[in-house]
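Thanks for making the time this morning; I would like to walk you through one model. Please have the sequence and the structure open while I talk.

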Amino acid sequence: MREFSVPERVGAFGALAAVGAVVWPTVTASTGLGLPCPLRTMTGVPCPGCGLTTAAVALVRGQFDTALHANPLIFGLAALTVAAGPLVALRAAGVLDRPRPWSPRQRRRMGWIAGLLAVASWLFQLHRL
Amino acid sequence: MSYPPPPPNDPYSNQPSQPYGQPAYGQPAYGQPATAAYAGWGARVGAYLVDYLVAVPFGILAVVLGMGTDAATGLPTINAFYYIFFLLAIVVSGYNRWFLAGKTGQSWGRKALGIRLVGENTGQPIGAGGAFVRDLAHILDSLACGIGYLFPLWDAKKQTFADKVCKTLVVR
């Protein structure tokens, strides 16, 4: 089996997260457990990933509005999740070329974009506070 | 970060589709076996779950045998079994994840999934102390909502944030 590319891997993780988001509410309903954010618990400041559990649960239930207000980043993960399936299939069928590793420059640029997205998400969470 | 130059006998190095001398995903690399040998995120999660499940029976025994209900007040009570079994869980996990994994690179979970924990620079197992410190560093992974645990999904060396701090790799 070939090595999967980063978008494919993140998409597969998104699929797992979607399954988790379906199962998770039944767990919280029966046990009263929650997923506390360590940063928020200790300092009261939300972290960039805050609201992602709420957003994932809302999105698999089709509550787009709730998901958007909890954490818009979930739509990025959802897009990769939806795209990963056809991507893997098309590459397996030979329609698309095999994925190639990115250059260090592309990796750095993507790192910056991801960092900026995290900062934007953080500002959004602070605003919500 | 610098990448090693392609070896002179690398047949891919002059092809335009391989502009940086790196192997395509999944293709065996000439002279660079290490790049293809990093353990995948799924295998690492699986290994962790196995190590976790090993400790679960002790926790169940601790709760079942070690906890009761006070007849007078109805409040939960704990007895010696509770502490004994939780201590056993820590001892077994410590032997597995720190002593065994530090000495051989493989906890039971990693052995089951066929992966190994090694030092980034040495390629050798990191010792019991190193394995213990690395598990402490996992706290950093959880701090930012667990993002550190997801690093291997996109990192070039498939390291978690703890791996980067401790300079460790998990390889196949």
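I will go through a helix in chain A, then the annotated spans, and then a surface patch in chain B.

This is a predicted model, in which local features need pLDDT of at least 70 and side-chain atom pairs count only at pLDDT 80 or more, while totals for chains, interfaces and linings use all residues. Residues are numbered from 1 along each chain as its sequence is written, chains are lettered from A and ligands numbered from 1 in the order in which they are written, and side-chain values use heavy atoms, with hydrogens and water left out.

Helix 1 of chain A covers residues 6–31, and its end C-alpha atoms are 35 Å apart, which agrees with the 38 Å that its 26 residues should span at 1.5 Å a residue (the expected span is 1.5 Å times one less than the number of residues). Helices here are DSSP runs of H or I, at least four residues, and strands are runs of E, at least two, numbered from the N terminus. Helix 1 of chain A has a kink of about 35 degrees at Val23(A), shortly before the proline Pro25(A); the bend is the angle between axes fitted to the seven residues ending there and the seven starting there.

The UniProt annotation "transmembrane region", from an unreviewed entry, covers residues 73–90 and 110–127 of chain A, and such annotations may be inferred rather than shown by experiment. Residues 73–90 of chain A are 100% helix and 0% strand, with end C-alpha atoms 26 Å apart, and residues 110–127 of chain A are likewise 100% helix and 0% strand, with their end C-alpha atoms 26 Å apart.

Finally, where does Leu61(B) lie? Leu61(B) lies in helix 2 of chain B, and helix 2 gives the most to a nonpolar patch, with 4 residues.
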